[in-house]
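Subject: Structure for you to look at

Hello,

Here is the structure I said I would pass on. Please open it alongside this note; my findings follow below.

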Amino acid sequence: MMYTKMSSQWLLWTFGAFLLALTVDAQLSTTFYSSSCRNLTARVDEIIRGHIRRDRTLAPSLLRLHFHDCFVRGCDASVLLNSPRGAQGEKDAIGNKDSLRGFEIIDDVKTKIEAMCPGVVSCADLLALSARDSMRAFGNITWSVPLGRRDGTVTSASEANSDLPPPFGTFSSLSAIFRRKGLTVKDMVILSGAHTVGTARCASMQTRLYSFSSANPTDPTLDPTFASQLKRQCPQGDNTTLIRNDQTKPTDTWDFNYYSNVLRSKGLFGSDDAMKRNPAARKIVLTQNKPGSPFSAEFAKAMEKMGRIGVLTSRQGQIRRTCTRTN
Ligand code: HEM
């Protein structure tokens, strides 16, 4: 009897210690590199500010690169890996090919940080920092980036094709994809507010404008005047022209205008329109779209959460020497 009680106590203790080890391992911290690479965050910020000064349009692209990294195998820099010989990697996935930008910026950051602290800082952390610092340089938005991610060694196009949300997604299919990543409907509506900045290729608009369904060649949920404007910008068959995600402002700035566009049926994608097709989501849209909007603060919280998806820590993965290939 005594023995059973003691052994069950021991079992409980061991299990508790195991759980604690798991959670401690899984923790990221803003001071992770404070002794191993002292000036890391200031240096990354400086490098990124130089790039954004030269080309401001890279900031939304780096934000999207971080998002597409985190949604496939967690934030492990798998999106940066070149495709393995004879196989298709994340870079070849439908939502990424000819679309993601900013890889060369991360390579530049990595080269400079490796020169300063060799073999210490992961590509996953450098991507998370670069996304934040570029948007901070873009203006009006920042968020906290806890560090300590390690790099993955696997990249797969088929995983990316099933884990990345498609622009024609319905509310229920999109929210299921976000839920699988541990994100709520609110997180999804808030993170989609990133479409207040950046660009899209006309390729992403073709189906919605010209071959939506046999009864409706143009998606009837689009505002008709807006649809005509988009058709002028993106003629049928044009897959390359870049158009602004938010067409309503003269310069690309961070604000809550995305939500106004969604409510007026002027979001570029069906996925944007989907954000108002569910009562709970619509309420969140309405809350963002008013003076004194909580959007930027909510976005900062959601980005920090997104940056923790499926991270590798401790002895998992590796610290890649070059972001495009495994060691
Ligand atoms: C709800 C699901 C989402 C869908 C279906 C979606 C889809 C898309 C598509 C199709 C494009 C245009 C790509 C192209 O034509 O090359 C785009 C651009 C963009 N997306 Fe999303 N997106 C979603 C969520 C997000 C999230 C969560 C973020 C960030 C947190 C984000 C950030 C961006 C940015 C910043 C751009 C512009 C990129 C650039 O200028 O290079 N998107 N998105």
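I started at the ligand. One of its nitrogen atoms sits 2.9 Å from an N or O atom in the side chain of His-195. Keep in mind that this is a predicted model.

An N or O atom in the side chain of Arg-201 is 2.7 Å from an oxygen atom of the ligand. For Ser-204, a polar side-chain atom lies 2.5 Å from a ligand oxygen atom. H3 provides the largest share, with four residues.

In total, 23 residues surround the ligand. The closest are Ser-61, Ser-99, His-195, Arg-201 and Ser-204. By type, the shell has twelve nonpolar residues, nine polar and two charged.

Next, the domains. The domain assignment gives domain 1 (40-163) and domain 2 (171-303). Which of them supplies the ligand shell? Domain 1 and domain 2 each contribute at least three residues.

The C-alpha centres of the two domains are 23 Å apart. Their contact takes 18 residues from domain 1 and 16 residues from domain 2. Between them, domain 1 and domain 2 bury about 1400 Å². Carbon and sulfur atoms account for 67% of that area. On the domain 1 side, Phe-71, Ile-141 and Trp-143 lose the most area to domain 2. Together these three make up 34% of what that side buries.

How many salt bridges are counted between domain 1 and domain 2? The count is one. Asp-163 pairs with Lys-181 in a salt bridge, and their closest N and O atoms are 3.1 Å apart.

As for which elements line the domain 1 side, H3, helix H5 (123-138) and helix H6 (157-163) each give two or more residues. H3 has the largest share here, four residues. The residues on this side divide into eight nonpolar, six polar and four charged.

One point to take away is H3. This helix gives the largest share of the ligand shell, and it also gives the largest share of the domain 1 side that touches domain 2.

Best wishes

Terms used:
Residues are numbered from 1 along each chain as its sequence is written. This is a predicted model: local features need pLDDT of at least 70, side-chain atom pairs count only at pLDDT 80 or more; totals for chains, interfaces and linings use all residues. Side-chain values use heavy atoms; hydrogens and water are left out. A residue is near a molecule or strand if one of its heavy atoms lies within 4 Å of it. A polar contact is a pair of N or O atoms within 3.5 Å; within protein, one must be able to donate a hydrogen and the other to accept it, and residues adjacent in sequence count only if both atoms are side-chain atoms. Ala, Val, Leu, Ile, Met, Phe, Trp, Tyr, Cys and Pro count as nonpolar, Asp, Glu, Lys and Arg as charged, and the others, Gly among them, as polar. Domain bounds come from an automatic or database domain assignment. Contact means heavy atoms within 4.5 Å. Buried area is the accessible area (1.4 Å probe) that two parts lose on being put together, summed over both. A salt bridge is a side-chain nitrogen of Lys or Arg within 4 Å of a carboxyl oxygen of Asp or Glu.
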